[in-house]
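Please examine the sequence and the structure shown below. The paragraphs that follow lead from the chain as a whole to its sheet, its helices and selected residues.

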Amino acid sequence: MGRSYTVIFCRMSSVKQNLNRSTELTDSDSARLDTEILLSHLLGRPRTWLYTWPEYELTEIEQRQFDQLLLRRKNGEPVAHLTGEREFWSLPLKVNASTLIPRPETELLVEIALQLCPGEKLRALDLGTGTGAIALALAAEKPGWRIMAAERSPDALALAEENRRSLGFDNVQVVQSNWFENIPSQKFDLIVSNPPYIDAADPHLGEGDVRFEPRSALVAGREGLADIEWIAQKSIEYLEAGGWLMVEHGWQQAEAVREIFAAAGFKNIESRKDYSGWERLTLGRK
């Protein structure tokens, strides 16, 4: 009696058919874009190529890999974690689960910093640098600046240094420090930070990409204001006369942050709106 075999066929599809599977990402606000990014990442092609060669049929291995990527995205994993990269200020940054994924709205902090500090020679400090996004964006625009990027998490610190080396910015120094703890006694012309500012009870912590990001980079005590308060109080000691402090914060925290800045001794305090019209950035001058 002959043996029986079970033959398993892998379903293979064209680029166009796989792009149309964006309908499976029902919980994503950018389902089509997510699918394009994942597919172009897998195939090692630019997104425009997907529409130039829609009839290209994925190999069996490629199809299996894409099926897995799409499933993981369907289960909520951030696209940046699936590709290992996120663009910020036109810089390709490596990302992982050790720190926050750089957000487009944080580019406002870079934009305003460059407006306030047009000089070609100054010293800047980025507190809680994470991937190094803010420090590296400033370095890209101002090669004459000397920028220190501080991060307390060893894993995030290693990631920031990897990004610095990959981009070749010698004017950035990455140091391990819990806020100002290991910062040598010196004066800066600019201090910037995107610190934790979410209240631990905020229900949004259970939604979207933040579910896969470290709580330590998101949550702060005193209704999300504890770290901002600490940064403001200590920054006065590290700033040159006339130097600026800038922090990103939650859309409902601007008034409270202005009060924190005033209590710490800052002047010329104001909050700036993001591209959606929310006050998400506060600055003050020593």
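A residue is called buried when its relative accessible area is under 20%, and exposed when that area is over 50%. By this criterion, 49% of the 286 residues of the chain count as buried. The model is a predicted one, and every value quoted here is computed from it. Along the principal axes, the C-alpha atoms fill a box of roughly 90 × 40 × 35 Å. The chain exposes about 14600 Å², of which carbon and sulfur atoms supply 49%. Among contacts with a separation of 6 or more, 65% involve residues 24 or more positions apart. The secondary structure comes to 11 helices and 9 strands.

Seven strands form an open sheet with mixed pairing, in the order 5-4-3-6-7-9-8. Strand 5 and strand 8 (267–273) stand at its edges; each has a single partner strand, so one side of each is left without a neighbour in the sheet. From one strand to the next, the twist averages 15 degrees.

The pairing can be followed strand by strand. Strand 3 (residues 123–127) and strand 4 (residues 146–151) run parallel and are joined by 5 bridges. Within this pairing, Asp 126 stands opposite Ala 149 in strand 4. Strand 3 also pairs with strand 6, again in the parallel sense, over 4 bridges. Here Ala 124 has Leu 190 of strand 6 as its bridge partner. Strand 6 is mostly covered, with 5 of its 6 residues buried.

Helix 6 (residues 107–116) touches strand 6, strand 7 (239–248), strand 8 and strand 9 (279–285). The direction of helix 6 makes about 160 degrees with that of strand 7. Helix 10 also packs on the sheet, touching strand 3, strand 6 and strand 7. Its direction likewise makes about 160 degrees with that of strand 7.

A pair of aromatic rings is described by the distance of the centres and the angle of the planes. The structure holds 4 aromatic pairs. One of them consists of Phe 180 and Tyr 238, whose rings are stacked at 4.5 Å centre to centre, with 25 degrees between the planes. This pair links distant parts of the chain: Phe 180 lies in the loop between strand 5 (172–176) and strand 6 (188–193), whereas Tyr 238 belongs to helix 10 (residues 226–238), and the two are 58 residues apart. Phe 180 counts as buried because its relative accessibility is 4%. Tyr 238, at 11% relative accessibility, therefore also counts as buried. Another pair is formed by Phe 261 and Phe 266: the ring centres are 5.3 Å apart and the planes stand at 35 degrees, so the pair is tilted. Phe 261 is buried, with a relative accessible area of 0%, and Phe 266 is buried as well, at 5%.

Which residues does Thr 83 contact beyond its neighbours within four places in sequence? They are Ile 37, Leu 38 and His 41. Thr 83 itself has its place in helix 5 (residues 79–83). With 17% relative accessibility, Thr 83 falls under the cut-off and therefore counts as buried. The side chain of Thr 83 also reaches the backbone oxygen of Glu 85, at 3.1 Å.

The last stop concerns backbone angles. Most residues other than glycine have a negative phi. Trp 89, in the loop between strand 1 (85–88) and strand 2 (91–94), has instead a positive phi near 55 degrees. Ser 90 lies in the loop between strand 1 and strand 2 and has a positive phi of about 65 degrees, although it is not a glycine. The relative accessible area of Ser 90 is 59%, so Ser 90 is exposed.

Methods. Residues numbered from 1 in each chain as written. Predicted model: local features only at pLDDT ≥ 70, side-chain atom pairs only at ≥ 80, totals over all residues. Heavy atoms only, no water. Phe/Tyr/Trp six-rings, centres within 6.5 Å; stacked < 30°, edge-to-face > 60°. Buried < 20%, exposed > 50% of the residue type's maximum accessible area, 1.4 Å probe, protein only. Pairing = 2+ DSSP bridges. Axes fitted to C-alpha atoms, helices over the stretch in contact; angles between N-to-C directions. Contact = heavy atoms within 4.5 Å. Polar contact = N/O pair within 3.5 Å; in protein donor to acceptor, adjacent residues only side chain to side chain. Areas by Shrake-Rupley, 256 points an atom, 1.4 Å probe, with all protein chains shown as cover.
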